[in-house]
Amino acid sequence: LERDATLTGRWLLWEAGFEEVVRRPLFGAGYDAFWPAGLNWRMFGVLDELGYVLHFHNSFVQVAVELGALGLLAAILQMVGYAGAALRALRRIQVALWPALFGVMALALALVEYELFVKHNLFHILFVAIPVAVLREVEQPDTIGARD
């Protein structure tokens, strides 16, 4: 399709991120510590080509670099928890397709951006609030469809 085979340089960032994960596999570089202070010569080369991008354009690589395998495990458990809440809601409530679709969109977006790792943004707030609201609704079957 005559597009950039590196996904506009993302693959170069991801390769450099994977190298950093190998250097600090368990705990990572520290939350918000990699971009201000943890850059190595390989990353400087990538940034020289792409510009100073400030993140890896992939939530999972970002989490793995900054928080290591433990942080990545926590992020994956959060995604699994969201999926479980959305699936429980789909079984009980017919209008619960929106939370499931939001979860699919979150997973797809996490592969090319890092919205799930940004503090205090609307996307992350919704990602946490939706399963809480859905589970509260599912656990109170008497109120489903009731009007005040």
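This is a predicted model: local features need pLDDT of at least 70, side-chain atom pairs count only at pLDDT 80 or more; totals for chains, interfaces and linings use all residues.
Me: How many Å does helix α4 span between its end C-alpha atoms?

Reply: Helix α4 covers residues 59–92, which is 34 residues. At 1.5 Å a residue, a straight helix of that length would span 50 Å. Helix α4, however, bends by about 135° at Leu67. Its end C-alpha atoms are separated by only 31 Å.

Me: Are α4 and α5 roughly parallel or roughly antiparallel to each other?

Reply: Helix α5 is residues 97–112, and its axis comes within 9 Å of the axis of α4. The two axes cross at roughly 160°. Angles over 145 degrees belong to one class, and α4 and α5 are therefore roughly antiparallel.

Me: Which residues of α4 make the contact with α5?

Reply: Helix α4 passes α5 in a left-handed crossing. On the α5 side the contact includes Leu97, Pro99, Phe102 and Ala106. On the α4 side it is made by Ser59, Phe60, Met79, Tyr82, Ala86 and Leu90.

Me: Is α1 roughly parallel or roughly antiparallel to α4?

Reply: Helix α1, residues 10–23, packs against α4 at an angle of about 30°, with the axes 9 Å apart. The contact joins Trp14, Gly17, Phe18, Glu20 and Val21 of α1 to Val61, Ala64 and Val65 of α4. Angles under 35 degrees fall into one class, which makes α1 and α4 roughly parallel.

Me: What are α4 and α6 to each other, roughly parallel or oblique?

Reply: The axes of α4 and α6 (residues 122–138) come within 9 Å and cross at roughly 40°. Among the residues that meet are Gln78, Met79 and Tyr82 in α4 and His124, Phe127 and Val128 in α6. Roughly parallel requires an angle under 35 degrees, so α4 and α6 are oblique.

Methods:
Residues are numbered from 1 along each chain as its sequence is written. Side-chain values use heavy atoms; hydrogens and water are left out. Helices (H or I, at least four residues) and strands (E, at least two) are DSSP runs, numbered from the N terminus. The expected span of a helix is 1.5 Å times one less than its number of residues. The bend at a residue is the angle between axes fitted to the seven residues ending there and the seven starting there. Axes are lines fitted to C-alpha atoms, for helices over the stretch in contact, and angles run from 0 to 180 degrees between N-to-C directions. Angles under 35 degrees count as roughly parallel, over 145 as roughly antiparallel, 65 to 115 as roughly perpendicular and the rest as oblique. A crossing is left-handed if the near helix is turned anticlockwise from the far one by less than a right angle, and right-handed if clockwise. Contact means heavy atoms within 4.5 Å.
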